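Below are some notes on the ligand site and on the helix packing. Please read them with the model open.

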Amino acid sequence: MSEIYLDNAATTPMTPVVIDEMTKQMKESWGNASTGYSFGRHAKLVMEDSRHVIAQSINAADNEIIFTSGGTESDNTAIIQTAFKRQNLGKHIITTAVEHEAVLKPLHFLADHGFEVTYLPVDENGNISIDDFKAALRDDTILVTIMMENNEVGSQMPIHEIGEILKDHQAWFHTDAVQAYGLMPIDVKADHIDMLSTSAHKINGPKMIGFLYRRDGISFPSFIKGGDQETKRRAGTENVPGIAAFAKAVELNTSAVKKERRNRYYDFKQKIVRALEENNIDFAVNGLINQTHVLNLWFKGISTYVMQTDLDLAGIAVSGGSACTAGSIEPSHVLTAMFGADSPRISESIRVSFGALNTEQDIDRLIKTVIKTTQKLKQINGED
Ligand SMILES: Cc1ncc(COP(=O)(O)O)c(C=O)c1O
């Protein structure tokens, strides 16, 4: 029986065309893009063509794209460098309680260095309220960092409204779009976004490559210290084959493809929920059923570990939480923020996340396996 991969929020497989592009550029464009002879000039040309494709995908200018090693580096750079550059204007930062660790950990670091961080709470759907945001915003706020789409429950933050509010405020607006980039239309100008982080491996591209969009007109020193690459904005020899493969993944991901996927994932979600209801499975959705690729499900009375292991044994890979180490699953800070630390949902939920390659048949097998597992466990627990 073939294995089914339903953890696409963790990472995605590279598409064959993207692998072909990367292999081709590893053979042809291995020169150092900073050198002036033909090998370097060729690599630079490939890199700049890729930058153009990527810039267009979010309505940015080419010079606003800085290549990085991925989402974590882009988030760290935007947050830490903004804070230190602007500390003379204030030391207050606003974020949400449900950001990825790549945002939360740099903020903890800044809190240790005298910055004050406000964590906006979320409701049971994983959404913040604009009123809370307005109430938190102060004259000395220098940075707002709020994710576009949550990686655990798929909630979508009101990015456009926040951008509108901030366009007349001194605070720079950063958004972690790592999960949203492959699925949602993004226009950094229309949404007044100053900085935006992405990662190629979430959109069927290679690992360890991403970009930070940084609006023209704002600046800070390179976070990584070293050479003058990326016009002094990010030190280190550029990964040209990775960049070209990232651009190929972006090119394949047209607006029509994104729309088709959003609709397909929404249909998947509805099908799963309907089937579980029809079979009287005791469950609830953590968050909303929307058009994102993430569906977080609570199976009442069944531990995350048991459910995840049973599905794994049946050849289906799903996520058990934000961090999972051998035999133990860390409580999710996202579910804790949504439902409180005492909620059983924190230890009884799994995350299913869809990707480009998932089919209707994958969903049918997931449904069948989940129903079988929950019924079997109910029998073991003596509930039947
Ligand atoms: C929302 C979000 N931000 C940042 C990251 C980190 O990205 P990367 O793995 O490219 O460092 C992830 C990865 O899981 C993510 O989901």
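1. A crossing is called left-handed if the near helix is turned anticlockwise from the far one by less than a right angle, and right-handed if clockwise. Helices (H or I, at least four residues) are DSSP runs, numbered from the N terminus. By that convention, α9 passes α12 in a right-handed crossing.

2. This is a predicted model, in which local features need pLDDT of at least 70 and side-chain atom pairs count only at pLDDT 80 or more, while totals for chains, interfaces and linings use all residues. Residues are numbered from 1 along each chain as its sequence is written, and side-chain values use heavy atoms, with hydrogens and water left out.

3. Helix α9 (residues 255-278) packs with helix α12 (residues 360-380) at about 25 degrees, the axes being 10 Å apart. Axes are lines fitted to C-alpha atoms, for helices over the stretch in contact, and angles run from 0 to 180 degrees between N-to-C directions. Angles under 35 degrees count as roughly parallel, so α9 and α12 are roughly parallel to each other.

4. The axes of α3 and helix α4 (residues 101-111) come within 8 Å and cross at roughly 30 degrees. These two helices, α3 and α4, are therefore also roughly parallel to each other, and their crossing is right-handed.

5. Helix α3 (residues 71-86) also contributes three residues to the shell around the ligand, the largest share. Of the 13 residues around the ligand (a heavy atom within 4 Å), Thr 72, Asp 176, Gln 179, Ser 199 and Lys 202 come nearest.

6. Polar contacts are pairs of N or O atoms within 3.5 Å. The side chain of Thr 72 has an N or O atom 2.6 Å from a ligand oxygen. A polar side-chain atom of Asp 176 lies 2.6 Å from a ligand nitrogen.

Note on methods. A polar contact is a pair of N or O atoms within 3.5 Å; within protein, one must be able to donate a hydrogen and the other to accept it, and residues adjacent in sequence count only if both atoms are side-chain atoms. Angles under 35 degrees count as roughly parallel, over 145 as roughly antiparallel, 65 to 115 as roughly perpendicular and the rest as oblique.
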